[in-house]
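User: I am new to this structure and would like a close look at a single part of it. Please take one residue and describe what surrounds it.

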Amino acid sequence: MFLRGLIVALGLAIRVFAQVPPEWKQQFPPHRIVGNIYYVGSKALASYLITTPQGHILINSNLESSVTQIKESVEKLGFRFSDIKILLVSHAHWDHVAGSAGIKEITGAKYMVMDGDVPVIESGGKTDFQYGNSADTHYPVAKVDRTLHDGDEVKLGDTVLVAHLTPGHTKGCTTWTTKMRDGAKTYYVVIVGSPNVNPGYKLVNNAAYPDIARDYEHMFRVLKTLPCDIFLGAHGAYYGMEEKIARLKESGLNPFVDPEGYRKFVTDKDQEFRAELARQSAATR
């Protein structure tokens, strides 16, 4: 019996490990993006540190194993991990929030989450409309300290972030915006939650999320109205992070200033969503 249990446990561990792309855990050089916004995530999972004299804000805790990586990146930049006062997230999927319990325990940061994602986070992913029954996507439960609503502001020092509800990918998927001064210029910064329609998502006749298609449509309407100079997101690939870092080394211009790239990204993702919605709608006729 013991041997059988060991084999099952080992098989589960191998399956879980196999589902984590190596780039999710791969260290990536931390760097300043603009003003007091820094990248402290892995090669593929984005995490942002926003620094102030009154303490710091962290957006996205990523995997459980990411906590050590994020801490090292924060310290390489010359900041103290313990000075993180506020923890925010893009959406309640395990690859962006599984480290939250650990970060709260180490730093004492206040955890602030959009209302639609609070039940999922406080269940450790078990109430997620798509992945709730998949044990390998569950994560440690973390208590939310402040429930956010569409348009709420998060303030620390002189930094003000605005939470925009951009649902669909999750019910509380959040896009963050801020105005950031860098030298003589002020930039509009947009950190996109996620516009992706994941494999297996039902956009039509979804009993677990009846409004999913309408929510995606709402999200794209919101994203198209946001002023944007600097475009970031929950994954570095959204905004071509690696390519932009390479360009940063080649010239003195900030490659993260990319309003055209933002508009193209949103347009392309909107078209992908509408194509998938049309495909699923046709299949139900």
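Histidine 31 is buried, with a relative accessible area of 9%; the cut-off for buried is under 20%. The model is a predicted one. Histidine 31 belongs to strand S1, which covers residues 31-34.

The side chain of histidine 31 comes to 2.9 Å from the backbone oxygen of proline 29. Beyond its neighbours within four places in sequence, histidine 31 has contacts with Tyr38, Tyr39, Leu77, Met241, Ile245 and Phe256. Two of these names, Met241 and Ile245, return in helix H8, where they are buried along with Lys244. Helix H8 spans residues 241-250. Viewed down the axis of H8, the buried residues fall within an arc of 105 degrees, so they line one face of the helix. An α-helix has 3.6 residues a turn, so residues three or four places apart point the same way.

Strand S1 is part of what covers the buried residues of H8, and strand S2 (37-39) is another part. The face of H8 turned away from the buried side carries Glu243 and Glu250, which are exposed.

The largest cavity holds about 40 Å³ of space. Its lining is made up of Ala92, His93, Trp94, Val120, Gly125, Asp128, Tyr131, Thr137 and Tyr139. By type, the lining of the largest cavity has five nonpolar residues, three polar and one charged.

Terms used: Residues are numbered from 1 along each chain as its sequence is written. This is a predicted model: local features need pLDDT of at least 70, side-chain atom pairs count only at pLDDT 80 or more; totals for chains, interfaces and linings use all residues. Side-chain values use heavy atoms; hydrogens and water are left out. Buried means under 20% relative accessible area, exposed over 50%, partly exposed in between (1.4 Å probe, protein chains only). Helices (H or I, at least four residues) and strands (E, at least two) are DSSP runs, numbered from the N terminus. The arc is that of the directions from the helix axis to the C-beta atoms. Contact means heavy atoms within 4.5 Å. On a 1 Å grid over the protein atoms alone, a cavity is a set of points where a 1.4 Å probe fits but cannot get out, and a pocket is an open set with protein on both sides within 12 Å along at least five of seven lines; lining residues have an atom within 4 Å of a point. Grid points are joined across faces, edges and corners, and a volume is the space filled by probe spheres set on the points. Ala, Val, Leu, Ile, Met, Phe, Trp, Tyr, Cys and Pro count as nonpolar, Asp, Glu, Lys and Arg as charged, and the others, Gly among them, as polar. A polar contact is a pair of N or O atoms within 3.5 Å; within protein, one must be able to donate a hydrogen and the other to accept it, and residues adjacent in sequence count only if both atoms are side-chain atoms.
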